[in-house]
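Good morning, everyone, and thank you for making the time. I would like to walk you through a structure, taking the cross-links, the backbone and the charged pairs in turn.

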Amino acid sequence: DAGVTQSPTHLIKTRGQQVTLRCSPKSGHDTVSWYQQALGQGPQFIFQYYEEEERQRGNFPDRFSGHQFPNYSSELNVNALLLGDSALYLCASSRGTGGARRGQPQHFGDGTRLSIL
Amino acid sequence: SQQGEEDPQALSIQEGENATMNCSYKTSINNLQWYRQNSGRGLVHLILIRSNEREKHSGRLRVTLDTSKKSSSLLITASRAADTASYFCATDASGGYQKVTFGTGTKLQVIP
């Protein structure tokens, strides 16, 4: 039973470029959340996808966008990259997001390390 | 911004000792979770405690929650070198869909 997988593991981009990160959730999970983790900090919530819609969003600009596909996999897109976007990007999956299914533990991938030059 | 603040920021103990980490948060919550992160890796879920629970155990882990003080603690008993990692509390705020907000973390070093 594969856990959460993310690709690529490492990525180097230059300022102004665009990047797409990918995530496949754990089998049986339908909710995907994305986090940005700067060095030495805790993960910061970017947004969450459930039923192919963005359900919650953190304090991130519109340069950060996402998508969820019918098979529950997800993409994170970042446009007009800035030096400050250098971070570990983590994807987490869980089962359900609201109501009685709330409070399910999240399973994390090992992240994509994005470096901006 | 971070919802939770962990204390201490760093902790160094000898193998076999107990480690206690504290977390304070700001808003009403549905539940609070603790995660572990080994260097450069993803986070691993340790334990979840709901807002109507006061204490929970899982193996060598004991978590307490005081919603009146908006605080939680994680106790790791009989620590091992393999427990060396960063530990984060994460809160799921009340209302709406699940939205988990992480704290700043405690870096634990267990010396063999």
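This is a predicted model: local features need pLDDT of at least 70, side-chain atom pairs count only at pLDDT 80 or more; totals for chains, interfaces and linings use all residues.

Let me begin in chain B, where the torsion about the S-S bond of B:Cys23 and B:Cys89 is about 65 degrees, so this disulfide is right-handed. The two cysteines sit in separate strands, B:Cys23 in strand S3 (residues 19-24) and B:Cys89 in strand S9 (residues 85-93) of chain B, and the bond therefore ties together parts that are 66 residues apart in sequence. Their sulfur atoms are 2.0 Å apart, and both B:Cys23 and B:Cys89 are buried.

While we are at strand S3 of chain A, let me turn to its pairing. Strand S1 (residues 5-7) of chain A is joined to S3(A) by three bridges, and the two run antiparallel; within that pairing, A:Thr5 stands opposite A:Ser24. S3(A) also pairs in the antiparallel sense with strand S8 (residues 74-78) of chain A, over five bridges, and there the bridge partner of A:Val19 is A:Val78 in S8(A).

Next, some details of the backbone. In chain A, the peptide bond from A:Ser7 to A:Pro8 is cis, with omega near -10 degrees, and A:Pro8 lies in the loop between S1 and strand S2 (10-13). In chain B, the peptide bond from B:Asp7 to B:Pro8 is cis, with omega near 0 degrees, and B:Pro8 is found in the loop between S1 and strand S2 (10-14) of that chain.

Which residues of chain A have a positive phi although they are not glycines? One of them is A:Glu52, with a phi of about 65 degrees, placed in the loop between strand S5 (44-50) and strand S6 (53-57) of chain A, where its relative accessibility of 44% makes it partly exposed. Another is A:Ala80, with a phi of about 45 degrees, which is found in the loop between S8 and S9 of chain A and is partly exposed at a relative accessible area of 38%.

That brings me to the charged pairs. Side chains of opposite charge can pair when their charged atoms come close. The structure holds eight salt bridges over all chains, and I will describe some of them. In chain A, the side chains of A:Asp85 and A:Arg63 meet with 2.9 Å from N to O. This pair links distant parts of the chain, with A:Asp85 in the loop between S8 and S9 and A:Arg63 in the loop between S6 and strand S7 (64-68), 22 residues apart. Are these two residues buried or exposed? Both A:Asp85 and A:Arg63 are buried.

In chain B, the side chains of B:Arg60 and B:Asp83 meet in a salt bridge, again described by its N to O distance, which is 2.9 Å. B:Arg60 lies in the loop between strand S6 (55-58) and S7, and B:Asp83 in the loop between strand S8 (71-76) and S9 of chain B, so the pair ties together parts that are 23 residues apart in sequence. B:Arg60 is partly exposed, with a relative accessible area of 22%, whereas B:Asp83 is buried at 8%. B:Glu55 forms a salt bridge with B:Arg62, the closest N and O atoms being 3.2 Å apart; B:Glu55 is partly exposed at 41%, and B:Arg62 is partly exposed at 31%.

Finally, a word on confidence. The mean pLDDT of chain B is 91, and 93% of its residues reach 70 or more. Within chain B, confidence is lowest in strand S1 (residues 5-7), at a mean of 85, and highest in strand S7 (residues 61-66), at 98.

How values were computed: Residues are numbered from 1 along each chain as its sequence is written. Chains are lettered from A and ligands numbered from 1 in the order in which they are written. Side-chain values use heavy atoms; hydrogens and water are left out. A disulfide is a pair of cysteine sulfur atoms within 2.5 Å. Helices (H or I, at least four residues) and strands (E, at least two) are DSSP runs, numbered from the N terminus. Buried means under 20% relative accessible area, exposed over 50%, partly exposed in between (1.4 Å probe, protein chains only). pLDDT is the predictor's confidence in each residue, from 0 to 100. Two strands pair if DSSP finds at least two bridges between them. A salt bridge is a side-chain nitrogen of Lys or Arg within 4 Å of a carboxyl oxygen of Asp or Glu.
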